[in-house]
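Subject: Structure handover

Hi,

Here is the structure I promised to pass on.

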There are 2 protein chains.
Amino acid sequence: MEGNKPMATPPGVSPADFDAAIAQLADVVGADWVFTDEETMDTYRDAYSPLRGEEEEKYASAAVAPTTVEEVRQIVRIANRYSIPLYTISTGRNLAYGGSAPVYSGSVVLDLKRMNRILEVDEDLAYALVEPGVSYFDLYRHIRERGVKLWIDCPDPGWGSLIGNALERGAGRTPLPYRDHFGAHCGMEVVLGNGDVLRTGMGALPEAGPNWQAFPYGAGPLADGLFAQSNYGIVTKMGFWLMPEPEASMTGAIRARRHDDIIPLVRMLAHLQYAGIVNCLFSLNSPVFQSPMDARKSALLDRADGGSAAEWDDYAGSLGTHFWETRLRFYGPLNVIEAQWEHVKARLGTIEGVELTDGDVMRFPLTDDQIRRLGDPATFGVPSLSVFTSQAGTTGHLDASPMLPHSGEALLEAHKVYLREYRDAGVPMTLGFAMSYHTRAFIMFQGINLTLDQEENARARALYERLIRVSGDRGWGIYRAHAAFMDQLMATYSYNDHALMRFNETLKDALDPNGILSAGRYGIWPRHLRGSRA
Amino acid sequence: MEGNKPMATPPGVSPADFDAAIAQLADVVGADWVFTDEETMDTYRDAYSPLRGEEEEKYASAAVAPTTVEEVRQIVRIANRYSIPLYTISTGRNLAYGGSAPVYSGSVVLDLKRMNRILEVDEDLAYALVEPGVSYFDLYRHIRERGVKLWIDCPDPGWGSLIGNALERGAGRTPLPYRDHFGAHCGMEVVLGNGDVLRTGMGALPEAGPNWQAFPYGAGPLADGLFAQSNYGIVTKMGFWLMPEPEASMTGAIRARRHDDIIPLVRMLAHLQYAGIVNCLFSLNSPVFQSPMDARKSALLDRADGGSAAEWDDYAGSLGTHFWETRLRFYGPLNVIEAQWEHVKARLGTIEGVELTDGDVMRFPLTDDQIRRLGDPATFGVPSLSVFTSQAGTTGHLDASPMLPHSGEALLEAHKVYLREYRDAGVPMTLGFAMSYHTRAFIMFQGINLTLDQEENARARALYERLIRVSGDRGWGIYRAHAAFMDQLMATYSYNDHALMRFNETLKDALDPNGILSAGRYGIWPRHLRGSRA
């Protein structure tokens, strides 16, 4: 029953108890859906592990795949009975953040991929209610086959779970509020650590019907936020607001010449976003900061002030490039989006030398042929796996992306700080630009490629830890971390001598007293394992 | 030290302990800011109490008004020491929902009105960080005096606290997302039941700076939702996103003739709202349903089907009126809002016989003189007390407002159900229309006037309890209740044999083990008082 990987059974659980638990799990879901064999368990390893081949790599001891909420409840009861640590995954596609491998070695993966029912899609009220195993592909096909005039919002790879991605605070590429997947949810069903089933918001009314997905707050305190990036329960249903298919879309391209142009550019774009005139995802690219490192750039970064605006402008001149560029996309009725872009041009045109170029117009719905030819399908709510074509030669990557306030000054400083860190670590920076995923903050996108070379991966890990510290020290919090670094990440959220973690642990003890749910996720360990933290 | 009202000291606290606690509170805040005298304590009674003059009216035993977070922490420690129940208010203006009176008689009011610092207003990042005692008037004056080009969103009376209103899930009159006060907050500071101080979201990074108000989620679980409509902590700071002052505003009026026109009208308005084309507050009025009750209307309501569309249309004809009306307001650059209204007219024009009338254009900023002459100042982010002029002859009111999904069918049913209930109770319905406060749901506004007549008030209370039950049974949850009815309200949120309340109580025991914080708010009682629930 046990694989031969290190830590392949739950620590502290006797072989007899483990066998008894496995047998009882098989009674609940059927023997075909409890896995302990090495070949299957190998599929639950983290495909992008920065610890691949290292002693510290995390392994699951077994996996169990239920199909109903009642089965989940029974599994939770068995886990409580034998102190079996469970580790919940939806579809297990949380790549770059741990995939389907547990944070705590020896955990039994609670794999919800078979709970894949699309329970409701309401075109008028524009929402979907789904189970954790439903992927973006699943929901997209369901909607397209029925001719429903709604768009989904999907992250770059479309095979992940809507619920899993939202709980990890993932984001996609269509307008706000839809691309903030947690923000666009409404209503949850959760199995708690004691096996109780909770419905949040209006779902606590037995006859709520569509009101469950219409009003997120219900009455009294709202617990939804507790179930994201945590281990207080197992989310078994979740509602998502969907975007009505727009009539049209058009783009406008923006180029600004100088280092300091980012300051008015961000100030104006931010206010346009706060006023709902710009609500697309845009990425602020810098051909200067994103160009390959060279001696002159390196020397500028080493100046006490990180290089003056004039020096950087001079350097940009030597590269023969403008300093900043972005592209906005507008979605909606053609007359409205034309007016929006016209207004944006009038506002941004006050930046000296800025270039503002009209883009193409697209009309919806797209034909199957148009969809096949899209270069950026997620921008139109179409899931794909095309992002993986850009990752040849690597064995995965890490993502250490801090949040930045909407401030050009902060962006300038962040570019310089992080370029120095990558350079000093001897690791090539991938990505390296800010994206407007959220309502009021940028994600500074920074990747670290992983390879088959153990030394390179050790450097990658050291840089990751350094980026967590540097970001935390400057208040540019990283919002999501790979499982191997969750403790370090949460240690930076240390206000008032780690009041947040004390609070999180108080909740953990109350909601999961036996500590059976996803030990270690986001630094939250059950009481009996707190001593084992690094 | 004690008033002569019933229950004027905390039950179960000895006079000696109470005196000791009061003396220690005076040591913390100064003797001038601890109140036990009858005259002052009278000001903490609920001015709109439906129990005024009844034995069950709730009274506080004392009040204490700190100025700093550190003083709040010390007060919490004293309360823990002597088992003194505290009841937190911000400015105490929660009228129609309990005002400044406690849910549990004998509580000591923790009055935060002196914590009234506006800690930050950032024009570029468009946010404010405030303490609980800051009122809408305070923030408005601060912004206007400095010429900051931001609007606040305020509820109808402007004297309330931003924090108090947001925690009660109040809403105002400017565009989404700003008018959803809880939804537009970003970052909290909370004193917990054990005296610990927590900062949520990015605030848990010691150097967060503006990022605290830029990104709401931080990393790991987010607790903010727990501190709304609850008693798990004392919120001492909160950030709010503010709306950039728009260039202009214009309105468009809509009239639809027939009973069933509400079905396509709501369907279209909902999708326009989900697409961000309509984001104003609008109220769906019916001159037919809101007309005075008469024999013919009463007979229609008594039909098994609540009256057919044709019968209601015939009745509307007899009144000589159209069936539905509303007015949309657009805020933004003139060319954009003109395009939006043009698009709305094209869509809604497909409803046979609909009238669509252009309104006036206003340009911002308004002059002081224009502001003085505004009939609906909150619509432009200007706080006032003008709402009170419409309430002559009453001694206050109750508000029993359910949430409805965006469905014309649900609106039709709700009008008929509630008109019957008011008629059968012999209580005149005030208000009686749906408003688009929230992103995906209407609030069906229904008031019940209170008077000096005890029998009338008894009827008002009986109707209120009946409305809670009727609404809950149909899944049209009431989102907010007067303190006297919180237990009944929360009892309707009963999915899975009251799983939500079991969960809420588990949190209460963990976060406030001595049960000193706002006992009974939203039906959440500390363990030692649970037996006393009705």
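The notes below go from the chain pair to the sheets, the helix contacts and some backbone details. Bear in mind that this is a predicted model.

**How the two chains meet**

Start with the symmetry. Chain B can be laid on chain A by a turn of 180° with a shift of 0.0 Å along the axis, and the RMSD is 0.0 Å. The two copies are thus related as by a two-fold rotation axis.

The contact takes 92 residues from chain A and 92 residues from chain B. Of the interface residues of chain B, 100% are also interface residues in chain A, so the copies meet through the same surface. The size of an interface is often given as the accessible area lost when the parts come together. Here chain A and chain B bury about 7400 Å² between them. Carbon and sulfur atoms carry 65% of that area. Which three residues supply more of the area that chain B buries against chain A than any other three? They are B:Pro221, B:Arg440 and B:Tyr495, with 11%.

**The five-stranded sheet of chain A**

This sheet is open, and its strand order is S5-S6-S10-S8-S9, with antiparallel pairing. Strand S5 (118–122) and strand S9 (197–199) of chain A stand at the edges. Each has a single partner strand, so one side of each is left without a neighbour in the sheet. On average, neighbouring strands of this sheet are turned by 15° against each other, direction ignored.

S5(A) and strand S6 (residues 127–130) of chain A run antiparallel and are joined by four bridges. A:Val121 stands opposite A:Ala128 in S6(A). Helix H4 (residues 136–145) of chain A lies across S5 and S6 of chain A, at about 45° to S5(A).

Which helix lies across strand S8 (185–192) and S9 of chain A? Helix H14 (residues 495–511) does, and it belongs to chain B. H14(B) runs at about 80° to S9(A).

**The three-stranded sheet of chain B**

This one is open too, with the order S14-S12-S15 and antiparallel pairing. The edges are strand S14 (324–332) and strand S15 (355–363) of chain B. Each has a single partner strand, so one side of each has no neighbour in the sheet. Neighbouring strands of this sheet are turned by 15° against each other on average, direction ignored.

Nine bridges pair S14(B) with strand S12 (residues 248–256) of chain B, in the antiparallel sense. B:Gly252 stands opposite B:Leu328 in S14(B).

**Two helix pairs**

In chain A, take helix H7 (residues 295–302) and helix H8 (residues 309–319). Their axes come within 11 Å and cross at roughly 170°. H7(A) and H8(A) are therefore roughly antiparallel to each other. H7(A) brings A:Arg296, A:Lys297, A:Leu300 and A:Leu301 to the contact. H8(A) brings A:Glu311, A:Trp312, A:Asp314, A:Tyr315 and A:Ser318. By class, this contact of H7(A) with H8(A) has four nonpolar, one polar and four charged residues.

In chain B, take helix H1 (residues 15–29) and helix H3 (residues 69–82). Their axes come within 10 Å and cross at roughly 170°. H1(B) and H3(B) are therefore roughly antiparallel to each other. On the H1(B) side, the contact residues are B:Asp17, B:Ala20, B:Ala21, B:Gln24, B:Leu25, B:Val28 and B:Val29. They meet B:Glu71, B:Gln74, B:Ile75, B:Ile78, B:Arg81 and B:Tyr82 in H3(B). The residues of this contact of H1(B) with H3(B) divide into eight nonpolar, two polar and three charged.

**Backbone details to look at**

Most residues other than glycine have a negative phi, and most peptide bonds are trans. Some places to check against that:

- The peptide bond from A:Leu176 to A:Pro177 is cis, with omega near 5°. A:Pro177 lies in the loop between helix H5 (162–167) and S8 of chain A.
- The peptide bond from B:Phe364 to B:Pro365 is cis, with omega near 0°. B:Pro365 sits in the loop between S15 and helix H10 (368–372) of chain B.
- A:Gln229 is not a glycine, but its phi is positive, near 45°. A:Gln229 is in the loop between S9 and strand S10 (233–241) of chain A.

Best wishes

Methods. Residues numbered from 1 in each chain as written. Chains lettered and ligands numbered in written order. Predicted model: local features only at pLDDT ≥ 70, side-chain atom pairs only at ≥ 80, totals over all residues. Heavy atoms only, no water. Pairing = 2+ DSSP bridges. Axes fitted to C-alpha atoms, helices over the stretch in contact; angles between N-to-C directions. Contact = heavy atoms within 4.5 Å. Parallel < 35°, antiparallel > 145°, perpendicular 65-115°, else oblique. Nonpolar A, V, L, I, M, F, W, Y, C, P; charged D, E, K, R; others polar. Least-squares fit on C-alpha atoms with pLDDT ≥ 70 in both. Buried area = accessible area lost by both parts, 1.4 Å probe.
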